[in-house]
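Visitor: I have a structure to go through and would like to ask about it as I look. Could we put it on the screen before starting?
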Amino acid sequence: MPRRWIAALACLAALVALACDGEGSASPRPSGSAPAGAPKVLTALGDSVTTGFGSCLVLVSCERNSWSSGDGIRVHSLYRRLREDNPTLRAYNRAAPGARAAGLTDQARAAVRDKADLVTMLIGANDACRNDIADMTPVATFRKQVDAALAVLRKGRPKARVLMVSLPDLYRLWEIGHTESRAVRAWSHGICPALLADATSTAPAAVARRARFRERIDAYDGQLRAACRAYGSRCRWDGGAVHRTRFSLDEVNALDWFHPNAAGQDRLADVTWDAAGWAD
């Protein structure tokens, strides 16, 4: 192989290494002092959206771009906003690509080990994005799994504040993307098949499948809201703000046409920050 190609590949590898972060990493400890009684640790729980998947150069997690715990310059994350008045705040990202509500309890245990004072939770897309409608997590099971994770937080970090985030309107992604040939081509490789398989089909079965998917997302959101209410005053529901967000294709990455890009992550941070009330 010519030396110039070896050098080029080495540069590309270095760029990817800089762009992508490891799992479960903590943000650097900033210098300065925090206000009295200020939270010391924020921990993010959830799935690939919260890991910043697909928001850098390739389809891998890029935690620096996480709407919740990111410390990169492209996304004004909740962590970065909080750190403006609390420079010693640390952030951990315990979310995992592919995570479903069943895995949330282990993430909550990690948050307890982190001694989290603030916890963000965005979960449920992978419970719905299965091969078919019949494979989705039943609504009652989903609720039990979310409650189990919240019980771990209540026992281990009873004073921690929890931000429960509604699921993005994935049906809207189909609505705005099914006429974009590049999106349809990407989705055909197994991206959320319960919703996005045969994305251009108008057959009654395909239309009914998408409608049932939409209903399941709404049902999950209803259970997240109820679980947060049952948790008590230490849990803040976003009021459905993320679900109501009218995102565009410019805010999803152009690789899988599913996960938010950096602009989409920044939009998520804007919406959740307003809903969290943590600036009050």
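Guide: The conversation below goes from the overall fold to particular helices, salt bridges and loops.

Visitor: What kind of model is this?

Guide: This is a predicted model, and the values discussed here are computed from it.

Visitor: How many helices and strands does the protein chain have?

Guide: The protein chain has eleven helices and five strands.

Visitor: And how much of the chain is buried?

Guide: Of the 280 residues in the protein chain, 52% are buried. The accessible surface of the chain is about 13100 Å², and carbon and sulfur atoms account for 53% of that surface.

Visitor: Among contacts between residues at least 6 apart in sequence, what share joins residues at least 24 apart?

Guide: That share is 74% in the protein chain.

Visitor: Let us turn to helix H3. Which of its residues are buried?

Guide: In H3, the buried residues are Leu104, Thr105, Gln107, Ala108, Ala110, Ala111 and Asp114. Their cover includes strand E1 (41-46), E2, strand E3 (118-122) and H5.

Visitor: What comes just after H3?

Guide: Lys115 is found there, with a positive phi of about 60°. Most residues other than glycine have a negative phi.

Visitor: Now salt bridges. How many are there in the whole structure?

Guide: A search of the whole structure finds seven salt bridges. One of them joins the side chains of Arg94 and Asp114, at 2.7 Å from N to O. Arg94 is in the loop between strand E2 (90-93) and helix H3 (104-114), while Asp114 is in helix H3, so this pair ties together parts that are 20 residues apart in sequence.

Visitor: Which residues of H3 pair within the helix?

Guide: Arg109 and Asp106 both lie in helix H3, three residues apart, which is about one turn of the helix. Their side chains meet in a salt bridge of 2.5 Å, N to O. Arg109 is partly exposed, with a relative accessible area of 42%. In an α-helix there are 3.6 residues a turn, so residues three or four places apart point the same way.

Visitor: Where do Arg143 and Asp147 lie?

Guide: Arg143 and Asp147 are four residues apart in helix H5 (residues 139-156), a separation of about one helical turn. They form a salt bridge in which the closest N and O atoms are 3.0 Å apart. Asp147 is partly exposed, at a relative accessible area of 29%.

Visitor: Why is helix H6 described as largely enclosed?

Guide: Six of the eight residues of helix H6 (residues 170-177) are buried, so the rest of the structure largely encloses this helix. Those buried residues are Leu170, Tyr171, Arg172, Leu173, Trp174 and Gly177. They pack against helix H4 (125-128), helix H7 (181-187), H8 and H9.

Visitor: What is in the loop between H8 and H9?

Guide: Asp198 is one of the residues in that loop. Its phi is near 50°, a positive value in a residue other than glycine. Asp198 counts as exposed, with 57% relative accessibility.

Thr200 is also in the loop between helix H8 (193-196) and helix H9 (204-231). Thr200 is exposed, with a relative accessible area of 52%.

Visitor: What does Thr200 contact beyond its neighbours within four places in sequence?

Guide: Thr200 is in contact with His178, Val184 and Arg210. The C-alpha atoms of Thr200 and His178 are 5.9 Å apart, although these residues are 22 residues apart along the chain.

Visitor: Last one. Is Trp257 buried or exposed, and where does it lie?

Guide: Trp257 is buried, at 7% relative accessibility. Trp257 lies in the loop between helix H10 (241-244) and helix H11 (262-276). Trp257 has a positive phi of about 55° although it is not a glycine.

Note on methods
Residues are numbered from 1 along each chain as its sequence is written. This is a predicted model: local features need pLDDT of at least 70, side-chain atom pairs count only at pLDDT 80 or more; totals for chains, interfaces and linings use all residues. Side-chain values use heavy atoms; hydrogens and water are left out. A salt bridge is a side-chain nitrogen of Lys or Arg within 4 Å of a carboxyl oxygen of Asp or Glu. Helices (H or I, at least four residues) and strands (E, at least two) are DSSP runs, numbered from the N terminus. Buried means under 20% relative accessible area, exposed over 50%, partly exposed in between (1.4 Å probe, protein chains only). Contact means heavy atoms within 4.5 Å. Accessible areas come from the Shrake-Rupley method with a 1.4 Å probe; for residues, only the protein chains shown count as cover.
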